[in-house]
Amino acid sequence: MRRRDPSANAWKVTNASYRPARVSDAGPIASLVHRALLPDKLPGWTLVAVSSLLAKASPNALREHIESAAFAHVAVDCDSVVGFI
């Protein structure tokens, strides 16, 4: 179960499980990457560099990587992808 932590303005994962990533997970994984790589989290990076990095983490690009990866797993909590490796 995920619970909102009002002090951190974030969700806490309380019951994660892990499974191999599926091509259908590309969209949720891309959303995680885009939230984690906001420009304020990448000081010194130019807007062009951030845009390039985010393009490489688009759902289409991730689908190709998931299909060909030797290892790709996701963490799932309440039927939502909350992490990946």
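**A close look at strand 4**

A: Strand 4 pairs with strand 5 (residues 80-84) in the antiparallel sense, over four bridges. Strands here are DSSP runs of E, at least two residues long, and helices are runs of H or I, at least four long, numbered from the N terminus; two strands pair if DSSP finds at least two bridges between them. This is a predicted model, where local features need pLDDT of at least 70 and side-chain atom pairs 80 or more, while totals for chains, interfaces and linings use all residues. Residues count from 1 along each chain as its sequence is written, and side-chain values use heavy atoms, leaving out hydrogens and water.

Back to our strand. Aspartate 77 has serine 80, in strand 5, as its bridge partner. The two strands form a hairpin with two residues between them, and in that turn cysteine 78 has a positive phi of about 55 degrees.

Strand 4 has another partner too: strand 3 (residues 17-20) pairs with it, again antiparallel and over four bridges. Here, valine 74 of strand 4 stands opposite arginine 19.

How covered is strand 4 (residues 73-77)? Mostly: four of its five residues are buried, meaning under 20% relative accessible area with a 1.4 Å probe, counting protein chains only (exposed is over 50%, partly exposed in between).
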